[in-house]
Amino acid sequence: MPDWDYIFSERGKVFTDPHVDIEKIVDLFKENQVQKILDIGCGTGRHLIFLSKKGFEMYGFDASPKGISIAKQWLNEENLRAEIKYHKMEEPFPYPNNTFDAIISIKVIHHNRMKDILRTVGEIEKVLKKGGLIFITFPKLGETWKNDGYLQEIEKGTYLPQRGKEKGLVHHFFTLEEIQDVFKSFDLTEVYDDGKNHRAILGIKR
Ligand SMILES: C[S@@+](CC[C@H](N)C(=O)[O-])C[C@H]1O[C@@H](n2cnc3c(N)ncnc32)[C@H](O)[C@@H]1O
């Protein structure tokens, strides 16, 4: 079964430009005196690079050793620093409580069944400071992902695609109600379609 480690080994960086709304996020982070940011599932590092260049103190983890090695090399090439680790998001996070001012996770947390997504969100709640910010995106059913016979449902709202580069990789597609429920410890200031077949959420930890 292919996974992101295989995809990065075969195709390299895959993603290079940061999320389309990143400038808006940078402005928001600066207005809120954000310094330390964690990037969950940092992949090959496009947001570590972009946000380091903007002056933030960047931390990231990912379950793909290849992604991490590409990210480290990219940071070196740009003469930038970020602390990156191999780690699985469903396991207890390797940071003390109340460490980060903001947490981002772009196209990552849907790669699990709901019980593990809830663990990830529980860990986010622990390591994010009170009043800290989240910016998280995940795909939605629609144009890219259609439930037209090639998505095999393995639990409610969770599927294994039966073709394409992410064949066999777990995808959970959140309903709007689930978003409110899963992120109930946050004030969600925005829940919107980012125009790239993904939903984006912005929130503040209460
Ligand atoms: C679509 S890529 C996005 C990468 C990066 N966030 C970006 O926007 O460029 C999904 C990423 O999630 C990571 N990932 C998947 N399952 C994971 C898990 N259980 N724990 C940590 N990272 C995981 C993959 O290794 C991959 O880097």
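I began with the term itself: on a 1 Å grid over the protein atoms alone, a pocket is an open set of points where a 1.4 Å probe fits, with protein on both sides within 12 Å along at least five of seven lines, and its lining residues have an atom within 4 Å of a point. I count a molecule as sitting in a pocket if more than half of its atoms lie within 2 Å of the pocket's grid points.

I noted that this is a predicted model, in which local features need pLDDT of at least 70 and side-chain atom pairs count only at pLDDT 80 or more, while totals for chains, interfaces and linings use all residues. Residues are numbered from 1 along each chain as its sequence is written, and side-chain values use heavy atoms, with hydrogens and water left out.

**Entry 1: the largest pocket**

I looked up where the ligand is, and found it in the largest pocket. About 960 Å³ of space lies in this pocket, a volume being the space filled by probe spheres set on grid points that are joined across faces, edges and corners. Its lining has 43 residues, and those closest to the centre are Trp4, Lys107, Val108, His111 and Leu169. Among the elements that supply at least two lining residues each are β1 (36–40) and β2 (57–62), whereas α1 gives the most, with three residues; helices (H or I, at least four residues) and strands (E, at least two) are DSSP runs numbered from the N terminus.

**Entry 2: around the ligand**

Which atoms of aspartate 62 and the ligand are 2.5 Å apart? They are a side-chain N or O atom of aspartate 62 and an oxygen atom of the ligand. A polar side-chain atom of arginine 46 lies 2.7 Å from a ligand oxygen atom, and a polar backbone atom of glycine 41 is 2.7 Å from a ligand nitrogen atom. The protein covers 94% of the 590 Å² of accessible area that the ligand has on its own, by the Shrake-Rupley method with a 1.4 Å probe.

**Entry 3: the second largest pocket**

I found about 180 Å³ of space in the second largest pocket, whose 13 lining residues include His19, Val20, Arg46, Lys107 and Lys196 nearest its centre.

Notes:
A polar contact is a pair of N or O atoms within 3.5 Å; within protein, one must be able to donate a hydrogen and the other to accept it, and residues adjacent in sequence count only if both atoms are side-chain atoms.
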